[in-house]
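Colleague: Hi! Could you walk me through the packing in this one?

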Amino acid sequence: MVRKAAGGASGRGQGARRPEVRLPPLEPHDGSELEPDGDYDGLEFREADFGGQDGGGATFMDCALTGCALDETRLHHARLLDSVLTGIRGVGTDLAESTWRDVELVDARLGGVQLHGAVLERVLIRGGKIDYLNLRKARLKDVVFEGCVLVEPDFGAARLERVEFVDCVLKGADLTAATLTDVDLRHAAELDIARGVDRLAGAVISPSQLLDLAPVFAAALGVRVDGGPGPGAS
């Protein structure tokens, strides 16, 4: 189930579709370690410590992960479907080339998480803080970042379609070689783009954001801004 967010990124286009995850009655996980290519269906993982474990290629469908630790956890090529992740935490979590569809990630505390080459479709990332999020060459479609803090997120060469940033903070974002389509940045609480400002075609920003980004635009165009006296000044 999905619902469409109000408004569109360009005022004319379609807004991002948010997931509406309705979990069935869940069975508690038995506490065993993650297994590569494991199949987890209709399970609740609560306060589990998966630090250093290998769940590469595993599938999580109709699952709830609450308060779980994912330090250095390997989830390369994992599939997360129709699931809710709440209060997860970890450093160096490997989710490269994973697939996320109809997922809610709430109040996460993550650092250096690897999502390069991942595919995210109908995903809501709400609250929490993610440092050094690596989304290089990822594909994001119908993704909403809401009320979260992203420190130096890397969207290098990623493709973003119908992505919205609502009441969230972006610090030092890297958009180098990214492709944006119907990306709505107007409601970001803070917008700081370190690299790739020239890739903002396909995005919409507010007038105040345009003023804030003016020095970055000028630098990208090679324009030198000098407030000193003009020619002929005594």
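This is a predicted model: local features need pLDDT of at least 70, side-chain atom pairs count only at pLDDT 80 or more; totals for chains, interfaces and linings use all residues.

Colleague: Great. How many cavities of 30 Å³ or more does the search find?

Modeller: Three, from a search of the whole structure. A cavity here is a set of points on a 1 Å grid over the protein atoms alone where a 1.4 Å probe fits but cannot get out, and lining residues have an atom within 4 Å of a point. Volume is the space filled by probe spheres set on the points, which are joined across faces, edges and corners.

Colleague: What volume does the largest cavity have, and what lines it?

Modeller: About 90 Å³ for the largest cavity. Its lining includes Leu34, Phe50, Phe60, Ile88, Leu95 and Trp100. By class that lining has eleven nonpolar, no polar and no charged residues (Ala, Val, Leu, Ile, Met, Phe, Trp, Tyr, Cys and Pro count as nonpolar, Asp, Glu, Lys and Arg as charged, and the others, Gly among them, as polar).

Colleague: And the second largest cavity?

Modeller: That one has a volume of about 80 Å³. Ile88, Leu95 and Trp100 are among its lining residues, and they also line the largest cavity. Strands β10 (99-111) and β11 (119-131) each supply at least two lining residues; strands are DSSP runs (E, at least two residues), numbered from the N terminus. Again the lining divides into eleven nonpolar, no polar and no charged residues.

Colleague: Switching topic: how many aromatic pairs are there?

Modeller: Seven in the whole structure. Rings of Phe, Tyr and Trp (its six-membered ring) pair if their centres lie within 6.5 Å; planes under 30 degrees apart count as stacked, over 60 as edge-to-face and the rest as tilted. Phe145 and Phe155 have ring centres 6.5 Å apart and planes at 85°, so they are edge-to-face.

Colleague: Why does that pair tie together separate parts?

Modeller: Phe145 lies in β12 (residues 139-146) and Phe155 in the loop between β13 (149-151) and β14 (159-166), so the pair joins parts ten residues apart in sequence.

Colleague: Are those two buried or exposed?

Modeller: Both Phe145 and Phe155 are buried (under 20% relative accessible area with a 1.4 Å probe, protein chains only). Phe155 also pairs with Phe165, with centres 6.3 Å apart and planes at 90°, so that pair is edge-to-face.

Colleague: Which residues form a ring cluster?

Modeller: Tyr40, Phe45, Phe50 and Phe60, linked by ring pairs.

Key. Residues are numbered from 1 along each chain as its sequence is written. Side-chain values use heavy atoms; hydrogens and water are left out. On a 1 Å grid over the protein atoms alone, a cavity is a set of points where a 1.4 Å probe fits but cannot get out, and a pocket is an open set with protein on both sides within 12 Å along at least five of seven lines; lining residues have an atom within 4 Å of a point. Helices (H or I, at least four residues) and strands (E, at least two) are DSSP runs, numbered from the N terminus. Buried means under 20% relative accessible area, exposed over 50%, partly exposed in between (1.4 Å probe, protein chains only).
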